[in-house]
Amino acid sequence: MFLSGVGILVNVVFACIMLRLGLPFYLDTMGTIAVSAAVGLFPGILTAVASNAIMALIHANFIYFGFINAIIAILTTWFVRNNLHKKISKVIVFVLIIAFATGIISSSISWFLLEGAQAAKNSEAVLMLSSSIGIPMFWAYFIFTIFVEIFDKGLAVALAWLILKILPDEVKKQFEQGDWKQRPLNSDDLSKLKEWGKGLNHSLQKRATAMLILTSVLLVVVTGWSGVRLYFSKYKETLTVDAYNSLRLLSEMVNKDDLKHTVINTNTDSKYKETEALIKKIIDSFESVEAIRLVKFGEKEGRVIFEVEPQESLNGENDAVFEYDDEIIEYIPNLLKGENINPIEHGTITDWKRSVFYPITDEDGEFICYAIADVSVTYMADYMQNFTLRFFLIFLGFFILVLSNNMWFTNICMSYPIRSMAKCVDDFTHLGYEQEQLDENVKTIRSLEIKTNDELEKLYDSICNMTLNISEQIRDLRKLSEATLKMQDGLIITMADMVEKRDSDTGEHIQKTALYVKIIVEGLKKKGYYAEKITPKFMSDVVRSAPLHDIGKINIPDGILNKPGKLTPEEFEIMKTHTTAGKNIMENAISTVKGENYLKEARNMAAYHHERWDGKGYPEGLHGQVIPLSARIMAVADVFDALTSPRVYKPAFSLEKSISIITEESGRQFDPKCVEVFLEAISDVKMVLNKFSS
């Protein structure tokens, strides 16, 4: 607002100086261009329109050019915002464009609406240009105006360019940030908001702008049309009263006997001269009356017995018979009786008239003829056309100002804050619920710093508090979940440890198999195998449930579980039941603690880790991918640990022999993809072996 005031002062001062010096240019856009370039659209338009409104107090015609300066402000803002002002060649092109545009518009307005034609005749430069080139005065005035505009706008643009050069970046940044009702948005922020809002069918800014335009246009049309109609109606009423008064005066002064006997029949008659002088005197007394005639109406035709117009009487004769037009036929019965009728309008668009009828009677009240006075409405139509055009030019400048103010207010106080909040909330709900992401989103929302001092700021504060509360609640839930998981892991390890202590040969079997399972499942994830199945939750469930794969051995007698020699067929059948026993134990746990989502992979591994890829395993003889993935992973980990670990019935195999056996059984006992990723991570496998062998 401060810069707008300075710009207005600059425009008015320079315009007054130029008027005082009598120069053909005014330099009244210097402030407009400078403010538009330094600050932006609305301050520039405000400077333009306000400057012309103030100058109209000194010279009335300035008010009609406010919209031109507003358009210059719009073009300047666009030019600077697109960084086109950094090249001199583009600055010159810009000057020529606005000079030609303003020259064409202003010269047309001046010539056709104001006193441009008279000014051209009084201008030595225009007269010299017209005579030297041999062109009409209008084109000379047109060319002269464009050259003046080039000089005028060139100086204004040069001043604005100089201001932008010497103005410190910090000062320009302060001016640009002065209007924001939130943390100022840079071009990248605005681009992101624009991209985010592409899915909107109707933006708040477009709706507000459309509503303003519709309301303004409707208001102007209704009030303007109503005002014109009322004024036009009042004007015609005034003309009609003048016509009635002129005819009443004529009725009182004319010789009725002469009219009754129709003695006035030639323009050489002395009585004709007297009557003609009388009527001309009456017409001169009433400026709005153009012609008066005396008419007698018959059944089929009428006869003009006397007529006086500003120029001459009807063809030099006073007796003229005429046929009735459509406008008058319906009134013939009333005219034959000598009754009063309403005025009749007739003619063409360029010569529209209103005819007023007045019956003339003698002293006995006997009807003689009609006196008819014509008043022209064409002048009023021309005046209203000129008035409407002037009103439109004035309205256009202020309309651009109001529209830009609405766009500025909607953007700064409503659209940008609401869109910024909506985008942050949308990001909050779509970018995941990782704690770091939640905390970052809370910081982003709070960094908007919306300060509109209205309901919008209250909404912003509520959203900030809501997102902070959600983040803290999820943080508390995550802590509770972590504590619960630790408790569950402890229970799993405890249950697995109970089995381990009964089996004298397993040693650290559950720890190593869990690490092998982790190596395999991460390898499958990395290779993209079974991508639809291997989710982060699946990986977590499999690794954490791996220690329970032999939970069913708790039902196997110690004599069989720790037998140093080979099991008999009967004993082996009993040993195989640890899979079904483990399945039953896990299913009971699932139904009891409602933890199916967590324990189902523990159930699958306990039940099916002895199934084979070729379908020759137990307890159900499943094959291929029918076997749950978690069980196929556990099968590789379980057998490898059994091969590399000592048992009561065998010594530990070497790493090379164990790998050889696993490789040979790929596609027979084991899932080939599980074997592939396990062997590719052999370095990690060695680290596990070394860890537990020390």
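**Notes on the predicted model**

1. **Overall make-up.** The secondary structure of the chain comes to 27 helices and 6 strands. This is a predicted model. Of the chain's 694 residues, 43% count as buried. Take the contacts between residues at least 6 apart in sequence: 66% of them join residues at least 24 apart. The chain exposes about 37,500 Å². Carbon and sulfur atoms supply 59% of that area.

2. **Confidence.** The average pLDDT of the chain is 82. A score of at least 70 is reached by 88% of the residues. Among the elements, helix α26 (residues 672-680) has the highest mean pLDDT, 95. Helix α6 (residues 116-121) has the lowest, 64.

3. **A stretch to read with care.** Over residues 311-318, pLDDT stays under 50. The model has 14 contacts for this stretch beyond four places in sequence. Where pLDDT is low, the predicted coordinates should not be read in detail.

4. **Helix α1, length.** Helix α1 covers residues 2-21.

5. Which residues of α1 are buried? They are L3, S4, G7, I8, N11, V12, A15 and M18. These residues cover an arc of only 165 degrees around the axis, so they lie on the same side of α1. The face turned away from that buried side carries the exposed residues F2, L9, R20 and L21. Just after α1 comes G22, with a positive phi of about 75 degrees.

6. **Strand β5, cover.** Strand β5 runs over residues 351-361. This strand is mostly covered, with 8 of its 11 residues buried.

7. **Strand β5, partners.** β5 pairs with strand β4 (residues 344-348) in the antiparallel sense, over 5 bridges. Here I344 stands opposite S355 of β5. β5 also pairs with strand β6 (residues 367-376), again in the antiparallel sense, over 9 bridges. Which residue of β6 is the bridge partner of I360? That partner is C369. When viewing these strands, keep one rule in mind. In a regular strand the side chains alternate between the two faces of the sheet.

8. **The β5-β6 turn.** β5 and β6 form a hairpin, with 5 residues between the two strands.

Definitions and conventions. Residues are numbered from 1 along each chain as its sequence is written. This is a predicted model: local features need pLDDT of at least 70, side-chain atom pairs count only at pLDDT 80 or more; totals for chains, interfaces and linings use all residues. Side-chain values use heavy atoms; hydrogens and water are left out. pLDDT is the predictor's confidence in each residue, from 0 to 100. Helices (H or I, at least four residues) and strands (E, at least two) are DSSP runs, numbered from the N terminus. Contact means heavy atoms within 4.5 Å. The expected span of a helix is 1.5 Å times one less than its number of residues. Buried means under 20% relative accessible area, exposed over 50%, partly exposed in between (1.4 Å probe, protein chains only). The arc is that of the directions from the helix axis to the C-beta atoms. Accessible areas come from the Shrake-Rupley method with a 1.4 Å probe; for residues, only the protein chains shown count as cover. Two strands pair if DSSP finds at least two bridges between them.
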